[in-house]
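The sequence and model come first.

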Amino acid sequence: MDIKRVGIVGAGTMGNGIAHVFARARSGYSVVLCDVEQRFLDRGLATITKNLEREVAKGKITAEEKASALKRIEPVTERARLANCDFIVEAATEKFEIKAEIFRDLDRLARPEVVLASNTSSISITKLGALTRRPEKVIGMHFFNPVPVMKLVEVIRGLATAPETFSETRNLALKLEKTPVEVNDAPGFVSNRVLMPLLNEAMYAVMEGVATPEAVDEVFKLGMAHPMGPLTLADFIGLDVCLDIMRVMQDGLGDPKYRPCPLLIKMVDAGWLGRKSGRGFYKY
Ligand code: CAA
C-alpha cells in the first residue's frame with residue numbers, strides 16, 4: 001500500500017519522537033498525532049519543535065524543512081480522526097489494559113487493510129493481535145529513545161503476523177532512515193530481554209552497597225564505552241517503565257532471574273521515576 005498518512009497514538013516521549021521522524025522523513029508523511037488531552041499534545045508538539053530546532057542548529061535539516069515538518073503534524077484528541085490513516089503506530093502507556101482498549105478501538109476505526117503497529121517495549125504482539133479482527137495486520141514497531149537519534153527499529157512478528165505486514169513495516173522503517181531488525185515475539189523481545197536485566201543488576205549492586213550509582217555508571221562508561229551508565233540510562237528510560245518491563249518478563253518467562261530489584265520497586269512507590277519526575281538514581 002502507498003502510505004501517505006500515518007496515525008500515532010500517544011504524544012509522550014516515544015510518540016512525539018515517532019511523529020518527529022515521520023514528519024521530517026524525505027517521503028514527507030502526514031501525521032495525525034492523537035492523545036487524550038490537549039495539554040499532552042501541546043507538550044508533545046513543544047518537544048518536537050525543540051528537537052527539530054536542535055537538528056536545524058546542527059545543520060541536519062534546514063529551517064524550511066523544520067517548518068514543513070511541523071505543518072505536516074495534525075494534533076487531535078478524538079481517536080476517530082485516525083480513521084483515514086494508512087498505517088497506525090500505537091505509543092501509549094506501557095500497560096496491557098490500556099493498549100488492549102486502544103487496539104480494539106483502532107480495529108473498529110481503521111480500514112481493514114491498515115496495519116496496526118505497537119511501539120510496545122515488552123507486551124505480547126500476539127496477544128494484542130488476537131484482540132482484533134486483523135491479527136495478520138498487527139506487528140511490533142519498537143523505536144528507541146531519543147527516537148530522532150537512535151537508528152534501530154526492532155520489528156516484531158506476532159504468531160499471526162503476515163509476511164506482507166512485516167515487509168510493509170520494514171520498508172517504512174527504511175523510509176525513516178532507520179535500520180529494522182527482525183525479532184520474534186517473546187517477552188522483552190531482544191532489546192529489553194538483554195538490557196533490563198543489566199539495569200536491574202546495576203540496581204542490586206547499588207542496593208547491596210557494592211558501589212554508588214556514580215561508580216557503577218563510570219565502570220560502564222569508561223570500561224565498556226557505553227554512552228550512558230546503566231543507572232543514568234534507567235533514569236532516562238523511566239524507572240516505572242523499567243519495572244513494568246521486568247514484570248512482563250518475570251510473568252512471561254517465569255525465571256527468578258527476572259525478579260525486579262526491591263530498590264527499584266521502592267523508588268517507583270516513592271514516585272522517584274527518574275529524569276521525568278526530577279529524581280531517580282540522580283536528582284535533576
Ligand atoms: N532529538 C534530536 N536530536 C537529538 C536529541 C533529540 N531528542 N537528543 C540528542 N540529539 C542529538 C544531538 O543534537 C547530538 O547531535 P550531533 O551528534 O549531530 O552533535 C547527538 O544527538 C548527541 O547528543 P548530545 O551531544 O546532546 O549528547 P550525548 O552525546 O551525550 O548523546 C544520547 C545523548 C544520544 C542520548 C546518548 O547519551 C545515548 O546514546 N544514550 C543511550 C540512549 C539509549 O540507550 N537509548 C535506548 C533506551 S532503551 C529504549 O528506548 C527502549 C525501551 O524499550 C526501554
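Contact here means heavy atoms within 4.5 Å. The model is predicted, so local features need pLDDT of at least 70 and side-chain atom pairs count only at pLDDT 80 or more, while totals for chains, interfaces and linings use all residues. Residues are numbered from 1 along each chain as its sequence is written, and side-chain values use heavy atoms, with hydrogens and water left out.

**Domains and their interface**

The chain is divided into domain 1 (5-184) and domain 2 (191-275), with bounds that come from an automatic or database domain assignment. Their centres, taken over C-alpha atoms, are 26 Å apart. In domain 1, 9 residues are in contact with 6 residues of domain 2. The two domains bury about 660 Å² between them, 52% of it on carbon and sulfur atoms; buried area is the accessible area (1.4 Å probe) that two parts lose on being put together, summed over both. Ser121, Ser122 and Asn145 supply 49% of the area that domain 1 buries against domain 2, more than any other three residues.

Across this interface the rule finds 1 salt bridge, defined as a side-chain nitrogen of Lys or Arg within 4 Å of a carboxyl oxygen of Asp or Glu. Between the domains, 3 residue pairs are in polar contact (both at pLDDT 80 or more). A polar contact is a pair of N or O atoms within 3.5 Å; within protein, one must be able to donate a hydrogen and the other to accept it, and residues adjacent in sequence count only if both atoms are side-chain atoms.

**Lysine 178**

Lysine 178 lies in the loop between helix 6 (163-175) and strand 8 (179-184); helices (H or I, at least four residues) and strands (E, at least two) are DSSP runs, numbered from the N terminus. Lysine 178 is buried yet has no salt bridge, and the nearest side chain of opposite charge, glutamate 55, is 7.7 Å away. Buried means under 20% relative accessible area, exposed over 50%, partly exposed in between (1.4 Å probe, protein chains only). For charge, Lys and Arg count as positive and Asp and Glu as negative; His and the chain ends are not counted.

| Backbone oxygen | Distance to a polar side-chain atom of lysine 178 |
|---|---|
| Valine 147 | 2.6 Å |
| Methionine 150 | 2.8 Å |

**Backbone geometry**

Glutamate 177 has a positive phi of about 60° although it is not a glycine, and at 43% relative accessibility it counts as partly exposed.
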